[in-house]
Amino acid sequence: MNARISEARASFQTALEKAQTDADLDQVRVQFLSRSGAIANLFEEMRSLPVAEKPALGKLLNVLKFEAQAAFDEKKRTLDASTVRGSDTVDLTLPGRPRPVGTKHPLMQTIDDIKRIFVSMGFSVATGPEIETDYYNFGALNFPADHPARDMQDTFFISKDILLRTHTSPVQIRTMEKQNPPVREIMPGRVYRNEAISARSLVSFYQIEGLYVDQGVTFSDLKGTLVAFARQFYGNDVRFKFRPTFFPFTEPSADMYISCFLCKGKGCRMCKQAGWLEILGSGMVHPHVLKNVGYDTEKYTGFAFGMGIERTASLRYGVDDLRLYYENDVRFLKQF
Amino acid sequence: MKISHNWLKEYIPVRLKPSQLAEDLSMIGLEVEGFEELAAKYQGFVVAQVLERTKHPHADRLSVCKVNVGNEDLQIVCGAPNVDAGQKVVVGLVGATVPRNQHDSDGRPFVLSQVSIRGVQSSGMICSEYELAVGDDANGILVLNPKAKPGTPFAKHLGLSDVVYSMEITANRGDWLSHIGVARELQVIMDAKASLPASLIKESKTPVGKHATIKIIDAAKCRRYVSRVVRNVKVGPSPKWLQDRLMAIGLRPINNIVDITNYVLMETGQPLHAFDYDTLERHTIVVKCAKDGEKFTTLDGKERTLRADTLMICDAEKPIAIAGVMGGANTEISERTTNVLIESANFDPSSIRKTSKYLGLSTDASQRFERGVDMEMSLYAANRAAELLQKLAGGEVLKGAIDVYPRKLQPAKISLRVSRTNAVLGTSFTQNEIVSFLKRLELKVAKRTRDSITFIVPSFRYDLVEEIDLIEEVARAYGYDKIETKTRTTIDFTKPLNTGSLQESLRDYFIGAGFNEMLTYSLQDKAKGLMTGERAVEVLNPVSAEASVLRTSLIPGALTVVKHNRAHGLNDLRLFEIGNVFALKGEKPTDDLADFLEDERILMVMSGSVVPQQYGSEHRGVDFFDLKGEVQALLSKFCLDKYRFISYDTAGALIESALAVEINGTYAGLLGKVGKSISERFDIDDAIFVCEMRVSALVGRRTAEKKLTPLPRFPSVDRDLAFVVDSVVQHETVERTIREAGGTLLANVVLFDLYQGDQVGAGKKSLAYSLEFQPLDRTLTDREIDAEVNRIVQRVEEACKAKLRAT
């Protein structure tokens, strides 16, 4: 019986060595390792032998079975690997099968990025209606009736007192009417201006507005907050300047400029050779506005700011025709 | 607004370079958009002499000229009929930019190059006054004074050495609309004083009061009226210095009388008008409102219809000017004028604004009155004009001015607290520092207390009315950039922190699901607005018909996008948009915001192939069930399964074969295929599937408190059942019957096969379901499951007239 076991081992090894294909290997498996194979047959034979011989032989046979299976598995692994590498049946350079990839609109991406910065500074997000009243859009914001300041905002009217908001600032009023200071809100949304549609102007666009009212808020905080924002958004190395301007709802009012991030202030096409880019308008909330919402103007001060999203996005992405944002060509959308 | 550098020097010694002046003024809020060195415009233009003129060999109307440009002779082809040998002319050399092209409808500039005109070489161009932008005559070339020297640069010939600034004036600073106004602002950045020249008039002995009468009827609208009379003037061209001043800032010289009124306007900001004294009935001026519907011809020759609130300047009989806007043709200065009445008045800003607006007529005068004019400037300006009329037109100035000034302006006094200033600005100025800043703006100290300073405001700063206005002036004079940049971030933990909105989550979800976000215009043409059958909100004053109505649905805008993409061969589209739609609640727009609907929607659009073209996967066009599947996925993510679909017969043609979505029993939106008649209007011949839902229907569902359902501890058992039913029986009915019959053990029902064909016969279909039984407390026996299945089969066979096909 011992000899038979050795013989089986030898012939298994020979057969395994000769096996070149999956079919050869399968034949080896049937011949030696299957339920009716050579090794199983030896176990069967052992059952008829005297009990005293069984333990030793059984041990031998188990070793054979274990070694044969291991050798077989190893051979199968090598064979499988060489098949894949060596044969031309599977071309791994074929493309994968991708699912469609979704994209966020660049204007929304820009709003989200701006929002995120201010939210991390403790601002909340508020919104308001696009159809507004004359009061919220103008009156409450200290635009005197019949004043040239209203010319700055060419307005679409729906009826005598109803209009399409010309800026997101009405949301400031709505927010302050609803809560007491501290108010710290960021307000994105769509606004409308009666202007001819061209590469540089649209009848509707997005703005984002910010408002911070509390005790002890100063112009110095306005500068600090907006500079912190600009550094986060445009990069740590930008230089900035604030220039006086006029808005009816803020005083003092300031336009904020940053050094052109494309030419680093040397002057280029984007900054029209100025080296500076205007990025937002801002100012200390006019006491009349605070009074209109019932705040104590001696106790509270605040600042507000606003920026156009199309312009901000265009600076970022180098889009020179605003109409592209609303044409929604998927070749455009998929770039963002 | 254009401001001349040389002109400013009349009022303040300007030692700054133009670039520095532009930067410094901008930094205190007077924005200089740019400046132009006038000489630069005529780079490449020289005085030349025409030496010879011969006829062009191949063109009747052209001449071939030999011209001397100083250092050389050039051959130039010229088309002007008036060109002749011996003339002194202006030649643009090759490379020069001609300011205006008379062959271009917009007169755009062009660059000269060496050309051959009908076979004859031409090296430059002899220019007309139109082309040089020194006049409007385009019929012939500009012929210069014979004394002009060939080779002299044209800019030098014109005496151009000025620099002209373009300034953007903010709405609150009407006082900047003059040279003295800008000069005063320069006091902030330069250590110098600005002042107007004293006017020196040699008056005649005749008092003006005997020769003219002024009466203000409407004193609310006319706050002051100053008048002077100058007799025996000689109307003619202005001297060169005056013409140059006006031309530098873009005004066309007319005659000395009109030029003087314009000059004083640009000097002082006070609009003036000169009437032909002899055309004034009874030499009387009456200031009063017009009769409603009255007609009046302004000096531009246009007839205007007036309103009862239009303030007019009249003589004893008739209107002679629209106050503060434009004079009348009937009393205009002409070549025959010998006696002049000067008006220097102050009108109520809002009255002028209304008039200018409804007439659609904006003039240099109206723009200033609208913003306000210094009440104390009227007399000076009238005197100044009289002085110049005497000097430049040889007039006799009658003694004295008529000054009707019903309510003399009292100088404004404003108190400013040092503590408040520092509290708003975040600074620590002392009282003395604040005084020194504001003194530069000509504010005078009236009184000081420990914390407060009372300032007297100069009359030209009518924009300063309260404390905060002075605080801004302090900040401007100190310099915004010098104020400390401080950061304070104090997060308010008493309020719920911002954790992102539903819209943000929706956006992220769609992007993950492979949709591209689009944004479409909310203003569209009326036809699109009416597609839904809603009452669309219309704009009263649209900029164009294409943007006149607010969208009532996101679908029409999306179809415009689909059309655009298909036109570029981009047919496989998965798009979404989140945006507002609008409608009227009633029949007509009102003045009440509550009568308008503003509703935020989500739109999904699918068309083309299910997956991008690729090997190893079969092409399949998107169908309704792909969209429905996407909607189901979205809803399960955001609504926790509390939704259902309802068959929907749309009244409109917008969506056909539609389902309505109901969330928690509330209508949420529609999905289906865009109607054929609608698609055709967008030239789309493919099926477009859309789903439009209200964002508000999803609000609150997602954040509902989640509680864990324990995972099953015992194995579930699957059984498959196929039923043959009539084709008209709906899957939903069968599934509902199965679920109802199934009881608590039945955890899930999935339709896995739908078959129609020979094996089941005509008019029939086979629906195959996989049923999952999930016990919570034990392992199910075969007998228990069989009992469940039998009951289900029986109920379905009864309720749906079904036959069990196979198990």
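Analyst: Begin with what counts as a helix: a DSSP run of H or I with at least four residues, numbered from the N terminus. Keep in mind that this is a predicted model.

User: Where do B:Asp364 and B:Arg368 lie, and how far apart are they in the helix?

Analyst: Both are in helix α8 (residues 364-371) of chain B, four residues apart, so about one helical turn separates them. Side chains of opposite charge can pair when their charged atoms come close. Here B:Asp364 and B:Arg368 form a salt bridge, with 3.9 Å from N to O. B:Asp364 is partly exposed at 30% relative accessibility, whereas B:Arg368 is buried at 3%.

User: Which parts of chain B does the pair B:Arg566 and B:Asp686 tie together?

Analyst: The closest N and O atoms of that salt bridge are 3.4 Å apart. B:Arg566 sits in helix α15 (residues 555-567) and B:Asp686 in the loop between α17 (676-681) and β37 (689-694) of chain B, so the bridge ties together parts 120 residues apart in sequence. B:Arg566 is buried, at 18% relative accessible area; B:Asp686 is partly exposed, at 33%.

User: Which residues of chain B are linked in a network of salt bridges?

Analyst: The network links B:Arg173, B:Asp175, B:Glu185, B:Arg461, B:Asp463, B:Glu473 and B:Arg476. Over all chains, the count comes to 69 salt bridges.

User: Which residues of helix α5 of chain B are buried?

Analyst: Buried means under 20% relative accessible area. In α5 (residues 240-248) of chain B, that applies to B:Leu242, B:Arg245, B:Leu246 and B:Ala248. They span an arc of only 165° around the axis, and are therefore on the same side of α5(B). The buried residues pack against β1 (2-4), α1 (5-8), β12 (163-168), α6 (256-268) and α9 (378-393) of chain B. After the helix comes B:Gly250, with a positive phi near 90°.

User: How many residues are in contact between chain B and chain A?

Analyst: On the chain B side there are 90, in contact with 101 residues of chain A. The buried area is about 7,800 Å², with 55% from carbon and sulfur atoms. In chain B, B:Tyr480, B:Leu519 and B:Tyr521 lose the most area to chain A, together 10% of what that side buries.

User: How many salt bridges are there between chain B and chain A?

Analyst: There are five. One joins A:Lys241 to B:Glu23, with the closest N and O atoms 3.2 Å apart. Strand β32 (residues 573-584) of chain B gives the largest share of the side that touches chain A, seven residues. By class, that side has 35 nonpolar, 25 polar and 30 charged residues.

Key: Residues are numbered from 1 along each chain as its sequence is written. Chains are lettered from A and ligands numbered from 1 in the order in which they are written. This is a predicted model: local features need pLDDT of at least 70, side-chain atom pairs count only at pLDDT 80 or more; totals for chains, interfaces and linings use all residues. Side-chain values use heavy atoms; hydrogens and water are left out. Contact means heavy atoms within 4.5 Å. Buried area is the accessible area (1.4 Å probe) that two parts lose on being put together, summed over both. A salt bridge is a side-chain nitrogen of Lys or Arg within 4 Å of a carboxyl oxygen of Asp or Glu. Helices (H or I, at least four residues) and strands (E, at least two) are DSSP runs, numbered from the N terminus. Ala, Val, Leu, Ile, Met, Phe, Trp, Tyr, Cys and Pro count as nonpolar, Asp, Glu, Lys and Arg as charged, and the others, Gly among them, as polar. Buried means under 20% relative accessible area, exposed over 50%, partly exposed in between (1.4 Å probe, protein chains only). The arc is that of the directions from the helix axis to the C-beta atoms.
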